Amino acid sequence: MIPLLANQNEDLESIELFNKEMADMYMAFFKGSQKSFKDDVWEESRSSDSSLKIKLDFSEFETLQLRFSEAITIKVCDNKTVKLTPCGLAKWLFLKIKSSDSVSYRASWYLDNLKMLFRFLSDNHLASLTVEDLQSYFGLLLTHDYKNNEFVRRYSSPAYSSRLKWVHLVEMSAVLRIYQIDPFIKSISKAELNENLNKACLRQMDMTLADYQTGSTFDYLGLDIAKHYIDYCASFYEENLVFATALTQALNKMNLDLHKGSSDSPWEDLLCSKNSVNNEIFCNHVAKFLKKNANSIVAFRQEVLDEIADKLGLEVNALDTHEFIRALMFARFYEQHTKSRTAIFEEFRGSFNDELICSEPESNINFKNLSLERFDRIVDEVIKRNKGDLPLKRRNINNRLKSLSISNRLDFKRFIQDVEAAGVTTLVSYTGYRASEYGFPKNSIKTEPNFEIRDVAYTPFRFFLEWVVPKTCGELIIKREITLSCTILTYQLTELTKFEENGFALFSKGKLTSVEASKIVYNLVNRLWLEFPERYSVFKELDVVENKDTSNPQYNNLIEKYDLKLSFVKELLALKKKLRYHCAIRKLSMRSYIGENGSTVRFLRTLELFIKGKLENQDKELLEQKLGPLTIAKIREPDFVLSKETADAVRTEFIADTHYATPHALRHVWAEAVLQRYKGNVGKRIRSNFKHMDNRFFNTYINGKEIRAIMDMAKLTTINSIVRYWINKIQDQKDQYYSGFQKFIQKALYGTKTDAERSKLIEIISDTRVVDLNSLPTNDCLLRIGTFSNAKCSHGGKPKPHLAKPSFCLGCVNANFEASHYDGTMAYIKQDLDILRDKGLPFWLKEESLGTVTKALKRIEELNRANQIYGKAISYLQQSIEIAKSNGAY
């Protein structure tokens, strides 16, 4: 048994008084129990059902992680005190709060809260919980569980009734004061608790405490999952935008409203391909708009940008390549006045250095000698090849409509809204705004020239959205910077959704309030979620590999692409299985039936069929797997009354901890993307949108208190992701290059043999060793306990991350340097290379640059061991160093 007293030599009378009080409270809680409060595990039958056991395990309170204090003194009577261990305090507090309640499974929720409270105090080195700590503490409760002595990130927020309702901080604070304990929970009023819990709900879930208490929850998607959904949505959007936009414009031309039906509707005649004048007119309009729009839409597709870059001899994945090509085409198709295309082209060409290109381009074009006219011809060739054969003839247009299962007005609406949803979801992931902030017109976006020297060569424009932020600023117009990708998306969506100039850039409905706009965005973001796991190209390719489908013509290529022995492939397979399972649960929870009076009935009817044993086996298994035994036993009781309220409660339990896409979930994903934007594993769409931006772009936005809280949570997730990524990489022996942080991981991995041991190591490093993260173009800085004085930016033994620069970071023990940081490194040492190669400068002016380039060379040589594509860059850096040495008193 774990000792409850910190000092076994306490006064005997004090010990007897304490033991008697504990025994009385224990028996009041577990009536008729034959066991003792001194047991480490309290396990008793539930009072209303002897077949169901309630288990309360106090053994974890003995662990170092929960030991926020060595001893806590409580007063047992006048002038009599005892000193308790954390385990003793936990049992005493539990019984003080719960002994008057009946035994139920809810007792375990309160015990879990106690564990999380003790761990929060321990991790933050706090002697007591104050009002100032409440928002951080509640943020933790809303986003994490406590399992196996560690905090584990949740898929979704817990129901209020299963966690926050059982916090009891006010009651515990009162108990501590009554017993004259030096309070580890300071005086907290109910009003203070609710105020801070409301703020935590708004920050973490974008909902009020009142909404949360009525049953709303928030799903934490995370970048590791969301990047796949974003890639799927962006691909779906690009593949269908040309045809969908032509359909919308053709329908507008014929004065047909997708959102209005009528008894004499011309829709059937419109889609009748035989002897229909309307069909002929409609197809002519579609063909005209296809020809008009195709080039300006296809030009910005991801694969088109990649192909153009390769044709031009540019590095496809470089920081600046996509942004430069996008900017030139934006000036061609949308914005001809802010800055000339000639100026954009010449500025980039002047900064281009072909010595630093890693991959071999498809063509032998020398970009330095390329003209703007030749650039345009290459772009036109690529666009023409990628837009393929447009369905310009009436027969082809009707066949395309048939292939999309479009046979009436609702089918038109479904297809166009699917494309709209894909585009809006992509835009939400790129901006990180609240759902209520997207009701802006196209003319609220302002374009300005970029005058920043560092990135003007490939970012010639800056874009600002001037619009309201209703939740924090009311009707005040706020100016916020957005990316070129966001601007292009907005322009495209305006054309897709425009109907009678409704004023919105993103919606196909008329003008709405910010609240109504918020609902539309919410519905659009999750519209494609349930079909995504089945239709996502990566998951479909994994199906071919996993099922050994040799009849697939791509099978041999796919088994090379997805080696089932590699960790990242195993993680993808697990993710595919999990998301399909979660979506099956969500679909069953939303299944509709026609009621007796013709109304729609959903989950209540599903439960009725389940109770009567008439549900299909597959659906029955889902319910039995997800619902707890107490719930199943209750709803199968003969006298159980199934009402809408009880069906809603069961549905909440059924869909708990299943992933779901929401605008606020993507807000959290945006925060993670900001922290990982220079890395290669953030998804190709996110990487393309964010990678060229440095911290200046985000500083104004992330300074607000609310977004800082989201960023803090994102840091924890990102640190875990980086640690897991490198443990898997090193375990797979896929790379032979190690910077400071990777060397630390390699040493930590020594001696681990099982997956369980490696999972535990990930938790330990993420939760207890790494204390901060700073994302830089040249590396990730993962500040670790024990390295403060060794950090290159350290002053007086304290790290100063704001002083970060390549000369510090490239040789630091806390640096995580990957192949994805190559481009940023080369961009940031460009000035140092110019200095080294300038023979007119004295050597003493070159010394710092020489050190920086030497460190960069070492990092890139390490990359080259794993993937030998950096030879030209290595030679260029070596040559620069030799020029500097030969031109000075080295």
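**Close-up views of a predicted model**

**View 1. Helix H24 and its buried residues.** Helix H24 runs through residues 603-611, and here Phe603, Thr606, Leu607, Leu609 and Phe610 are buried. These residues span an arc of only 160 degrees around the axis, so they end up on the same side of H24.

View 2. Which elements cover the buried residues of H24? Among them are helix H23 (567-590) and strand E10 (593-594), along with helices H25 (617-626), H26 (629-635) and H27 (644-655). Look just past the end of H24 and you'll find glycine 613, with a positive phi of about 75 degrees.

**View 3. An open sheet of 3 strands.** The order is E7-E8-E9, with antiparallel pairing. The edges belong to strand E7 (445-449) and strand E9 (477-482); each has a single partner strand, so one side of each has no neighbour in the sheet. From one strand to the next, the twist averages 30 degrees.

**View 4. Zooming in on E7 and E8.** E7 and strand E8 (residues 461-468) pair in the antiparallel sense, with 5 bridges between them.

**View 5. Stepping back to the chain.** Of its 890 residues, 53% are buried. The chain exposes about 40600 Å², and carbon and sulfur atoms supply 49% of that area.

How values were computed. Residues are numbered from 1 along each chain as its sequence is written. This is a predicted model: local features need pLDDT of at least 70, side-chain atom pairs count only at pLDDT 80 or more; totals for chains, interfaces and linings use all residues. Side-chain values use heavy atoms; hydrogens and water are left out. Buried means under 20% relative accessible area, exposed over 50%, partly exposed in between (1.4 Å probe, protein chains only). Helices (H or I, at least four residues) and strands (E, at least two) are DSSP runs, numbered from the N terminus. The arc is that of the directions from the helix axis to the C-beta atoms. Contact means heavy atoms within 4.5 Å. Two strands pair if DSSP finds at least two bridges between them. Axes are lines fitted to C-alpha atoms, for helices over the stretch in contact, and angles run from 0 to 180 degrees between N-to-C directions. Accessible areas come from the Shrake-Rupley method with a 1.4 Å probe; for residues, only the protein chains shown count as cover.
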